[in-house]
Amino acid sequence: MPALRTETSALLIYDPDKSRGTVHCSIAKPTPLEERMLGRLVLLVEVDSRDPLNHQIIEELQSAITTFYYQSEDFQIEAAFEHALQSTNDRLQTLLGEQLVEWVKSANVLIAVMKDTALHFTVLGRMHAFLVHRQRIVDILDSSTGGPADDVAPLKILPQIISGQLNLDDSLLFCTTS
């Protein structure tokens, strides 16, 4: 398998004083060993409200998914990712209870992990994932992928994992609908 040089960058265009919501973008900074074994984790969150609680929930989401993923005992990326998502769901449910149900209704979340050519991600709500492949741009997420947030069970807010392989010349852009 050819070596794939993966670059991840965050670009956040957001004015909190003029926005009607809350936006957060982060790329994990694993140790070299963690990155070699499990790749790099990306989090993109947009919440359709300016509630100050959003920042606390997002911080907890970021902390939980990063901790559970990089402390996984399983070094198969998809299994480690699935376990981290379930553990994060459990932690958020325990900490927030009914508040989580209301927050999920206004949240759009994308969590991804990339290692070599492997890509795994999950979506809650509305997001885009544009794949640039052979001079074509394709949104690999359609409106049915994340599903309406109203239909999400709070015990499994990040319901499905989408997996695939990138080619050496591919590029991928994750973004919110706004």
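Reader: Which glycine follows helix 3, and what is its phi?
Author: Helix 3 is followed by glycine 97, and the phi of this glycine is positive, near 55°. The model discussed here is a predicted one.

Reader: What makes the span of helix 3 agree with its 20 residues?
Author: Helix 3 covers residues 77–96, and at 1.5 Å a residue it should span 28 Å. The expected span is 1.5 Å times one less than the number of residues. The end C-alpha atoms of helix 3 are 28 Å apart, so the two values agree.

Reader: Which residues of helix 3 are called buried?
Author: They are Ile77, Ala80, Phe81, Ala84, Leu85, Ser87, Thr88, Asn89, Leu92 and Leu96. A residue is called buried if its relative accessible area is under 20%.

Reader: What do the buried residues of helix 3 pack against?
Author: Their partners are helix 1, helix 2 (53–70) and helix 4 (98–105), together with strand 2 (40–47), strand 3 (107–115) and strand 4 (118–124).

Reader: How many helices and strands does the chain have?
Author: The chain has five helices and eight strands. Along the sequence they follow the pattern β-α-β-α-α-α-β-β-β-β-α-β-β. Of the 178 residues in the chain, 42% are buried. Among contacts between residues at least 6 apart in sequence, 68% join residues at least 24 apart.

Reader: Why is the pair of tyrosine 69 and tyrosine 70 called edge-to-face?
Author: The structure holds three aromatic pairs. In the pair of tyrosine 69 and tyrosine 70, the ring centres are 5.1 Å apart and the planes stand at 75°. Rings pair if their centres lie within 6.5 Å, and planes over 60 degrees apart count as edge-to-face. The pair meets both conditions, so it is edge-to-face. Tyr69 and Tyr70 also belong, with Phe81, to one aromatic cluster.

Reader: Why does tyrosine 69 count as buried?
Author: The relative accessibility of tyrosine 69 is 0%, so tyrosine 69 counts as buried when the limit is under 20%. Tyrosine 70 has a relative accessible area of 10% and is therefore buried as well.

Reader: What makes the contact of aspartate 48 with arginine 126 a salt bridge?
Author: The closest N and O atoms of aspartate 48 and arginine 126 are 3.2 Å apart. A salt bridge needs a side-chain nitrogen of Lys or Arg within 4 Å of a carboxyl oxygen of Asp or Glu, so the name applies. Aspartate 48 lies in the loop between strand 2 and helix 2, and arginine 126 in the loop between strand 4 and strand 5 (127–133), so the pair ties together parts that are 78 residues apart in sequence. Side chains of opposite charge can pair when their charged atoms come close.

Reader: Why do aspartate 48 and arginine 126 count as partly exposed?
Author: Aspartate 48 has 42% relative accessibility, and arginine 126 has a relative accessible area of 45%. Partly exposed covers what lies between buried, under 20%, and exposed, over 50%. Aspartate 48 is therefore partly exposed, and so is arginine 126.

Reader: How many salt bridges does the structure hold?
Author: It holds five. Among them is the salt bridge of glutamate 60 and arginine 91, at 3.2 Å from N to O. This pair links distant parts of the chain, with glutamate 60 in helix 2 and arginine 91 in helix 3, 31 residues apart. Glutamate 60 is partly exposed at 22%, and arginine 91 is partly exposed at 30%. Another of the five joins the side chains of glutamate 35 and arginine 40, at 2.9 Å from N to O.

Reader: What is said of the phi of aspartate 116?
Author: The phi of aspartate 116 is positive, about 55°, although the residue is not a glycine. Aspartate 116 lies in the loop between strand 3 and strand 4. Its relative accessible area of 39% makes it partly exposed.

Reader: Is glutamine 135 buried or exposed?
Author: Glutamine 135 has a relative accessible area of 84%. The limit for exposed is over 50%, so glutamine 135 is exposed. Its phi is also positive, near 60°, in a residue other than glycine. Glutamine 135 lies in the loop between strand 5 and strand 6 (136–139).

Reader: Which residues make the nonpolar surface patch of about 290 Å²?
Author: Leu33, Met37 and Phe75 make this patch. Leucine 33 has its place in helix 1 (residues 32–38).

Conventions. Residues are numbered from 1 along each chain as its sequence is written. This is a predicted model: local features need pLDDT of at least 70, side-chain atom pairs count only at pLDDT 80 or more; totals for chains, interfaces and linings use all residues. Side-chain values use heavy atoms; hydrogens and water are left out. Patches are made of residues with over 30% relative accessible area and no salt bridge: like charges are joined within 9 Å, nonpolar side chains (Val, Leu, Ile, Met, Phe, Trp, Tyr) within 5 Å. Accessible areas come from the Shrake-Rupley method with a 1.4 Å probe; for residues, only the protein chains shown count as cover. Helices (H or I, at least four residues) and strands (E, at least two) are DSSP runs, numbered from the N terminus. Buried means under 20% relative accessible area, exposed over 50%, partly exposed in between (1.4 Å probe, protein chains only). Contact means heavy atoms within 4.5 Å. Rings of Phe, Tyr and Trp (its six-membered ring) pair if their centres lie within 6.5 Å; planes under 30 degrees apart count as stacked, over 60 as edge-to-face and the rest as tilted.
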